[in-house]
Every structure is written in structure tokens, then in C-alpha cells.
Amino acid sequence: MRRRVTDSLIGATSVLAVTALARGDVVPFAFTVSPSASGLNANASFSISSHGSLVGAYDPVTNPSGTRTTPGLVGPFGPGENNAVPATLGSEMGDPILSSVAGGFGVVLDPGAGTLTMGGLAANLIASGLAPLTASIQFASDPFRTRAPDAEYPGGNSVQLPLRTATVTALSIAQIGWSPAGTLTATGNPGEFTFTVVPMITLSATISFLGLTFEATGATAVPFPMQGMILLSGGGATLDSVQPIEIGNSVDSDLALPRLPFDIPTLIPEGGTANLLLDLSLTNVSAGFSGTLGLGAGGTPVPSPAAALPALALFAVRRRRRPAAAP
């Protein structure tokens, strides 16, 4: 019975919305983004930076044959000695992202005034799944030397490391507040309008790299100009919009990261591998992309309190007239 009531109200609301739009009244719509009709095609770039120290993976109990480290290139290096060395680690990540998009937003249409406002835009930009990125690593340290294997590292950015893969596990935009009034212009075809609107949005991204998770959530909203077409038909609406998008953010931090196992090739002499542990604090995460965002969405009218009252009153009258059940 509850479903019948809901369906009746939705049907009544659609009829009321069509009538209101025909009169040129203000009508709000709730739109759902269709992943099959929406997509992101962009070049993505992400970076992380951190500072801290490195130390050999040696442990007298659990890993007695592991690598040991000590600062400097000369001086004593006693048995069992394993000392920390100042170090930094950064990464640059990037690749194209081609993905479907999911989400939703609200739109208030005012055909009489020729305006449109948008609110609540929220979109998952990688609805197709996780997005891999090629990652380069920038590793720097003070001069140090190792045992098991015996090697020297003069310091600086001279350690050549192979490319790795990072993964974008979440990428989304969210609108802040309602947009200023945009334009809504009739094309001359029945129920068809072009529109422009500029919501303010933020970017949030989560990246998985080296077994760790890094988050970049924008605190400052940026304008996102949108344009497209809206077609009103059958009590509902469809919206199509394709536009360039360029957005990013940079988040400073002082977050201690979990200890990270990190293997690097030996420098002097070459040919070996030192097994290290990195104790780092995250200093910055940056995320951004530039490309094209297409949105295809279907909308249903949302009753305003005034519009909903007639439907509710009609349902109440019908309910009162229902015959009583037989005893």
C-alpha cells in the first residue's frame, strides 16, 4: 500500500510540474547522473612529498642478516650498529584517466525568468573502477653507508629507482552551496532549453602507493562553468552537458606515516640491494587533472511545499472515503 501511495504522489507531482512549467512557474528537479551517458577524459597528475629518516632492516632477533646503516662515508661501523640517516621521499604520478561518471544534483528551473540554479552537485569521477598511474620516485638522503651488503651512498638525488604503479582509489567533485542564477534559454522546440551555470566545486582524491594511502581533499572551492541542454518531456527532464574541466588542490600535512619497507640498489659498488626501512612524515599531497567532463542525467520534479499540498489533500480525501472493512 505504501508503494501505491508513493507512486500516486510521484504521478501527481509530475502532472503538477508539467502544468507549472507550462505556466512558466519555478520547478525544482532532482537529477541522477547516468554512468553510461557520462564520462571523464582527462590527464591526471598527483604528487606526494615526505621527510624523515632511513634505517637498515636489520634486527638482532628477527633479521640478524639484514642491512645495517650508519651516517657518513668514513669512521667506525661496529657489529650490530644500525643508525638512522636523514632522508626524503617524493613521487610524481600521472597518466590519462578515461572513466564513466556517476552522481547527482538538483536544479531549479524558472522558465519565466529565464534562469537556472544548481545545488548539491556530487560526482564520482572514476565510476568505472580504480585508475592506475605511472609513478616516479625521488629519493634523497644524507651520505651513508651500509653493511649486508657493503656499500656507500654519497647522498643527494642520485639513486635511480624503477618506475612504480600508483592507484587512484577515489576521485570526486562536490559542490559548495547553491550556484548563482545561470541562464535558461528556450530553443523554440517544445520543452527544450539551453543553459549555462557556474557551480563552485571542490576536488577530493585518494591514492594508494607503496602500500600506503594518501588523501587530498580541497578546502577551497573553484568555479566550474557548465553549459548544455535540458529537455522537458513526459513530466521529467533530461540534461546533457560537455565542458572542459581543470581542477586541483594541494594539501600540506605533518602526518607520521607507517614504517615503510624500502629496497634500493647499491651505488658504490653497483649490483647489490640494500633493504631499508623508512620512517617518514607526510608534508604535502597534490592532486589535479585537466580534460573534459560529460554529464548525461535524468531528472524528476521535486514538489515544493505549495505544489505538494494538492496531491496530499487529494490522497487524504480518497483515504477518508474508503469503505470500512467488514467486521
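The lining of the second largest cavity divides into six nonpolar residues, four polar and no charged. (Nonpolar covers Ala, Val, Leu, Ile, Met, Phe, Trp, Tyr, Cys and Pro; charged covers Asp, Glu, Lys and Arg; polar is the rest, Gly included.) The model is predicted, with local features requiring pLDDT of at least 70 and side-chain atom pairs pLDDT 80 or more, while totals for chains, interfaces and linings use all residues. Numbering starts from 1 along each chain as its sequence is written, and side-chain values use heavy atoms, without hydrogens and water.

**Exercise 1. Describe the second largest cavity: how much space lies in it, and which residues line it?**

Step 1. The space amounts to about 40 Å³. (A cavity is a set of points on a 1 Å grid over the protein atoms alone where a 1.4 Å probe fits but cannot get out; lining residues have an atom within 4 Å of a point. Points are joined across faces, edges and corners, and the volume is the space filled by probe spheres set on them.)

Step 2. The lining consists of Phe 139, Ala 140, Ser 141, Phe 144, Tyr 153, Gly 155, Gly 156, Ser 158, Val 159 and Leu 267.

Step 3. Strand E7, residues 131-141, provides the largest share of this lining, three residues. (Strands, E, of at least two residues and helices, H or I, of at least four are DSSP runs numbered from the N terminus.)

**Exercise 2. Describe the largest cavity: what is its volume, and which strands each supply at least two lining residues?**

Step 1. Two cavities of 30 Å³ or more are counted, and the largest has a volume of about 50 Å³.

Step 2. Its lining is made of Ile 48, Ser 49, Ser 50, Leu 89, Leu 210, Leu 212, Phe 214, Leu 257, Leu 260, Leu 280 and Leu 282. By class, nine of the lining residues are nonpolar, two are polar and none is charged.

Step 3. The strands with at least two residues each in this lining are E2 (39-56), E14 (212-217) and E19 (273-301). E2 gives the most, three residues.

**Exercise 3. Is Ser 286 buried or exposed, and which side chain does its own side chain meet in a polar contact?**

Step 1. Ser 286 is placed in strand E19. Ser 286 counts as buried because its relative accessibility is 18%.

Step 2. The polar contact is with the side chain of Ser 250, at 3.0 Å. (A polar contact is a pair of N or O atoms within 3.5 Å; within protein, one must be able to donate a hydrogen and the other to accept it, and residues adjacent in sequence count only if both atoms are side-chain atoms.)

Step 3. Apart from neighbours within four places in sequence, Ser 286 is in contact with Ser 45, Phe 46, Ser 47, Asn 249 and Ser 250. (Contact means heavy atoms within 4.5 Å.)

**Exercise 4. Which residues does Val 55 touch, not counting those up to four places away in sequence?**

Step 1. Val 55 is found in strand E2 and is buried, with a relative accessible area of 10%.

Step 2. The residues touched are Thr 69, Asn 82, Asn 83, Ala 84, Arg 259, Leu 276, Leu 277 and Asp 279.

Step 3. Thr 69 is 14 residues from Val 55 along the chain, and their C-alpha atoms are separated by 5.8 Å.

**Exercise 5. How many helices and strands does the protein chain have?**

Step 1. The protein chain has two helices and 19 strands.

Step 2. Of the 327 residues, 40% are buried.

Step 3. Of the contacts between residues at least 6 apart in sequence, 78% join residues at least 24 apart.

Terms used
On a 1 Å grid over the protein atoms alone, a cavity is a set of points where a 1.4 Å probe fits but cannot get out, and a pocket is an open set with protein on both sides within 12 Å along at least five of seven lines; lining residues have an atom within 4 Å of a point. Buried means under 20% relative accessible area, exposed over 50%, partly exposed in between (1.4 Å probe, protein chains only).
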